[in-house]
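I opened a new notebook page for this structure. My plan is to look things up one at a time and write down what I find.

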Amino acid sequence: MRPYLLKRLILDLFYPNRCPFCDSFIPFDEYYCTSCRNKLTPPPKYDEYENIDFFTAVTEYNDQSRPIISEMKNESNGYALSAAAFMIFQSLLSEQLLSRIDIITYIPMRRRDILRRGYNQTKLIAKELGKIADKPCRPLLKKIRNTSQQKTLGARERRENLKDAFSVRNVKLFAGKSVLIIDDVCTTGSTLNEAAGKIKNSGAKLVGASVFAKTPRIT
Ligand SMILES: [Zn+2]
């Protein structure tokens, strides 16, 4: 039995495991209940991104996934982050991508947002995924410029807004390797594409991206 499962089994004797999204009781070795998982619709068809070699999403960003994402942003609900990490792990597993990944990283958050929220939930999901998948998770990106809120911008403005928003760090850790970048929600993919480009231009062999939710394609 893996050590984390043993820990959960012991914890379960005192604090029975509950689904982090609906609070119903669940077996000690599960991350969420089947009814919450079944509510999530499959992700939309992915767009092609210039710098991203493979892409996975757990679900579509919609009315079913939105409350789950807001739980992930709730600091007191650490199990929601673990549950999201486990679902991302399963999406990689089902597409047989796990063996292609050497190192995991995440989209850094703006300093202002970290100060406001107290933590970067994407980093926590990536760290948890690293534990579940038994892969190293390291900070490889740094936000060098505070960008405007992407939400309010059109596709072209988004690209301009993101230009040189990131720099890379710990290049030695990923040179010649395959990197997976984690983000919570992917809208147009321009943030991930920009980050992937930086990592690729610094010597990564392959760059993939996995997110929890992807918004439907805007046509
Ligand atoms: Zn549930």
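This is a predicted model: local features need pLDDT of at least 70, side-chain atom pairs count only at pLDDT 80 or more; totals for chains, interfaces and linings use all residues.

**Entry 1: a helix over the sheet.**

**Entry 2: the whole chain.** I stepped back to see the protein chain as a whole. I counted nine helices and six strands. The C-alpha trace spans about 50 × 35 × 35 Å along its principal axes. Next I checked the radius of gyration. A compact globule of 219 residues would have a value near 17 Å, and the protein chain has 17 Å, so the two agree. I also noted burial: 33% of the 219 residues count as buried. Then I turned to contacts between residues at least 6 apart in sequence. Of these, 71% join residues at least 24 apart.

**Entry 3: two domains.** I looked up how the protein chain is divided. The domain assignment gives domain 1 as 1–39 and domain 2 as 40–214. The centres of domain 1 and domain 2, taken over C-alpha atoms, are 25 Å apart. How many residues are in contact between domain 1 and domain 2? Six residues of domain 1 are in contact with 10 residues of domain 2.

Strand 1 pairs with strand 6 (residues 206–214) in the parallel sense, over six bridges. Thr 56 stands opposite Ser 210 of strand 6.

Is strand 1 mostly covered or mostly uncovered? Strand 1 (residues 54–60) is mostly covered, with five of its seven residues buried.

**Entry 4: helix 4.** I checked the length of helix 4 (residues 78–94). At 1.5 Å a residue, its 17 residues should span 24 Å. Its end C-alpha atoms are 25 Å apart, which agrees. I listed buried residues in helix 4, among them Ala 80, Leu 81, Met 87, Ile 88, Phe 89 and Leu 92. What do the buried residues of helix 4 pack against? I found strand 1, helix 3 (66–72), helix 6 (121–133), strand 5 (178–186) and strand 6. Just after helix 4 comes Gln 96, with a positive phi of about 50 degrees.

**Entry 5: helix 6 again.** The 13 residues of helix 6 should span 18 Å at 1.5 Å a residue, and the end C-alpha atoms are 18 Å apart, which agrees. Its buried residues are Gln 121, Thr 122, Ile 125, Ala 126, Glu 128, Leu 129 and Gly 130. They pack against helix 3, helix 4, strand 2 and strand 5. Asp 134 follows helix 6, and its phi is positive, near 60 degrees.

Entry 6: I picked Gly 130 and Ile 132, both placed in helix 6. Why does Gly 130 count as buried? Gly 130 has 21 other C-beta atoms within 10 Å, and the cut-off for buried is 20 or more. Leaving aside neighbours within four places in sequence, Gly 130 is in contact with Ile 104, Lys 135, Pro 136 and Cys 137. I also checked Leu 5, which is 125 residues from Gly 130 along the chain. Their C-alpha atoms are separated by 16 Å.

Ile 132 has 16 other C-beta atoms within 10 Å, so Ile 132 is partly exposed. Not counting residues up to four places away in sequence, Ile 132 touches Ala 85, Phe 86 and Phe 89. Ser 70 is 62 residues from Ile 132 in sequence and 22 Å away in space, C-alpha to C-alpha.

Terms used
Residues are numbered from 1 along each chain as its sequence is written. Helices (H or I, at least four residues) and strands (E, at least two) are DSSP runs, numbered from the N terminus. The radius of gyration is taken over C-alpha atoms; the globule rule is 2.2 Å times the number of residues to the power 0.38. A residue is buried if 20 or more other C-beta atoms lie within 10 Å of its own, exposed if 12 or fewer, and partly exposed in between; C-beta atoms are placed from the backbone. Two residues are in contact if their C-beta atoms, placed from the backbone, lie within 7 Å. Two strands pair if DSSP finds at least two bridges between them. The expected span of a helix is 1.5 Å times one less than its number of residues. Domain bounds come from an automatic or database domain assignment.
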